[in-house]
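Subject: Structure handover

Hello,

Please take over the structure below. My notes on it follow.

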Amino acid sequence: MSIQRSTQQWQAADAAHFLHPFTDFQSLAKKGSRIITKAENIYLTDSEGQRILDAMSGLWCVNVGYGQQALIDAATRQMKELPFYNAFFQTATPPAIELAELLSEVTPPQFQHVFFSGSGSEGNDTVVRMVRRYWDILGQPERQVIISRHNAYHGSTMAGASLGGMSGMHAQGGLPIPNIVHIDQPYWAEHGQHMSRDEFGLIAARWLEDKILAVGPEKVAAFIGEPVQGAGGVIIPPATYWPEVQRICDQYGILLVSDEVICGFGRTGRWFGCETMGFRPDLMTFAKGVTSGYVPLGGVMVGERIAKVLIEQGGEFEHGYTYSGHPVACAVALANIKLIQQLKLVEHVHDDVGPYLAEAFATLRDHPLVGDAETCGLMGALLLVKDKAGLKPFDESVGIGMVCRGHCFGNGLIMRAVGNRMIIAPPLVITRAQIDEMMGLIRRCLDLTLADAQREKWQ
Ligand code: PMP
């Protein structure tokens with residue numbers, strides 16, 4: 001930061017020049033951005049000096065917490081030694097090679113190869129290119145269709161947003177691109193309340209089979225899903241869902257893609273979400289947690305079924321990014337993954353803070369506003385309801401999630417609202433004492449929201 005400015009000065013310059021992602025530019029300009037100036041461990045500081053507990057890990061990414069010296073040192077060292085070289089022209093750099101090797105170790109055994117990108121969106125663009133190329137090489141070019149889910153999030157590039165199932169995104173820019181279709185999400189509270197969660201999981205998985213049959217199995221290339229939908233509101237599928245999806249993909253020979261951009265690198269209590277959910281993908285997209293967000297990096301783990309065909313029969317794969325295998329990003333990723341191993345963060349989530357958070361979250365079910373409270377590892381969601389019976393929602397015009405989020409913002413807690421779901425994904429380094437602190441803040445914000453609901457007669 002070159003100049004010290006007041007909050008108002010930052011906000012004025014921000015409003016004058018910076019178009020933020022997923023933002024109504026005019027309304028933000030009127031209100032002014034909150035300026036975050038520094039961070040340590042799980043706490044942010046804003047330009048007014050307020051301390052904020054970051055229960056969203058930045059944007060689901062700062063898994064090792066802020067201020068980790070090992071990552072800072074790795075970046076500094078690599079910048080001095082070799083800040084950039086490409087991997088296009090029969091060249092490679094040591095950090096990219098070492099990271100490819102380490103990723104093959106920490107990912108499930110079918111993954112021995114990686115294709116690097118700069119982000120999760122680019123990773124999913126690579127998935128689309130690679131899946132279609134795979135079937136081309138095998139002489140089945142008619143296998144073009146990729147099946148995804150409504151309310152999925154797979155990024156914001158043309159292919160990423162098309163794979164995603166966000167209606168607001170599809171409404172801008174002529175999306176989805178051809179041959180990407182969607183089925184409903186496995187959201188029990190929306191579709192399955194009249195049956196058990198396990199029964200519902202099987203039914204939701206069979207929507208995939210229905211779609212395969214409707215499209216024609218010979219035209220379907222792949223199915224893609226997040227093990228737990230993140231941006232869609234932390235939708236945790238019933239335990240029966242993914243094994244049945246796996247069975248269906250196997251039956252029709254279609255490729256299974258796990259988008260691990262959020263779930264990867266320990267978030268769910270295993271290294272990857274597919275391990276928690278019990279399925280065996282052919283491709284895995286990753287980003288965010290691979291570097292804990294310290295620098296941008298993404299990519300696709302390529303399973304042996306696909307790698308063998310691409311390598312042995314494919315010739316040149318006409319695809320790549322300037323920053324595929326960026327040495328500084330790869331050096332930071334190496335330091336980050338080694339730190340996750342050293343600190344035993346995956347075990348910490350699985351055995352300690354994950355179950356502790358689950359227990360703490362369950363106590364929120366007593367709160368008058370909370371219709372459901374669920375967690376998976378260190379992801380959690382609260383469903384805010386007008387009436388617990390039948391999980392009756394508030395009128396959409398109330399914007400109950402945004403009201404609650406406003407209280408969080410004002411009370412030193414970052415919690416995200418997705419419609420009527422309040423969600424968290426705190427850094428994996430969080431301790432039990434910090435979970436207690438976070439739960440105290442969450443309760444306070446729920447109480448303030450409830451007071452609003454009573455006063456304004458929304459209930
Ligand atoms: N996939 C998933 C599951 C994501 O959550 C995200 C980002 N939130 C993306 C892809 C896109 O990643 P990026 O923003 O790095 O392009």
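Start with the ligand. The residues of its shell divide into three nonpolar, six polar and three charged. Keep in mind that this is a predicted model.

The shell itself is made up of S119, G120, S121, N124, Y153, H154, G155, E226, D259, V261, I262 and K288. Which helix gives the largest share of it? Helix 6, residues 120-137, does, with three residues.

- G120: a backbone N or O atom lies 3.0 Å from a ligand oxygen.
- S121: an N or O atom of the side chain is 2.5 Å from an oxygen atom of the ligand.
- K288: an N or O atom of the side chain is 3.0 Å from a nitrogen atom of the ligand.

The ligand taken alone exposes 390 Å². The protein buries 84% of that.

Next, the salt bridges. Side chains of opposite charge can pair when their charged atoms come close. A search of the whole structure gives 15 salt bridges. Here are some of them.

D46 pairs with R34, with the closest N and O atoms 3.1 Å apart. This pair links distant parts of the chain. D46 sits in strand 2 (residues 43-46), and R34 in the loop between helix 2 (25-31) and strand 1 (36-40). The two are twelve residues apart. R34 is at 23%, so R34 counts as partly exposed.

R247 and E244 form another salt bridge, their closest N and O atoms being 2.9 Å apart. Both lie in helix 11 (residues 241-252). They are three residues apart, about one turn of the helix. E244 is at 8% relative accessibility and therefore counts as buried. R247 is at 35% and therefore counts as partly exposed.

R455 and E456 also meet through their side chains, at 3.7 Å from N to O. R455 has a relative accessible area of 55%, over the 50% cut-off, so R455 is exposed. E456 is at 44% relative accessibility, so E456 counts as partly exposed.

There is also a network of salt bridges. Which residues does the network link? R197, R365, D372, E374 and R421.

Now helix 14, residues 327-342. Does its length agree or disagree with what its residue count predicts? At 1.5 Å a residue, its 16 residues should span 22 Å. Its end C-alpha atoms are 22 Å apart, so the two values agree. Helix 14 is mostly covered, with 13 of its 16 residues buried. Just after this helix, K344 takes a positive phi of about 50°.

Last, V353. This residue belongs to helix 15 (residues 345-363). V353 has 0% relative accessibility, so V353 counts as buried. How far is V353 from Q434, in sequence and in space? They are 81 residues apart in sequence. In space they are 10.0 Å apart, C-alpha to C-alpha.

Best regards

Conventions. Residues numbered from 1 in each chain as written. Predicted model: local features only at pLDDT ≥ 70, side-chain atom pairs only at ≥ 80, totals over all residues. Heavy atoms only, no water. Helix = DSSP H or I, 4+ residues; strand = E, 2+ residues; numbered from the N terminus. Expected span 1.5 Å × (residues − 1). Buried < 20%, exposed > 50% of the residue type's maximum accessible area, 1.4 Å probe, protein only. Near = heavy atom within 4 Å. Polar contact = N/O pair within 3.5 Å; in protein donor to acceptor, adjacent residues only side chain to side chain. Areas by Shrake-Rupley, 256 points an atom, 1.4 Å probe, with all protein chains shown as cover. Nonpolar A, V, L, I, M, F, W, Y, C, P; charged D, E, K, R; others polar. Salt bridge = Lys/Arg side-chain N within 4 Å of Asp/Glu carboxyl O.
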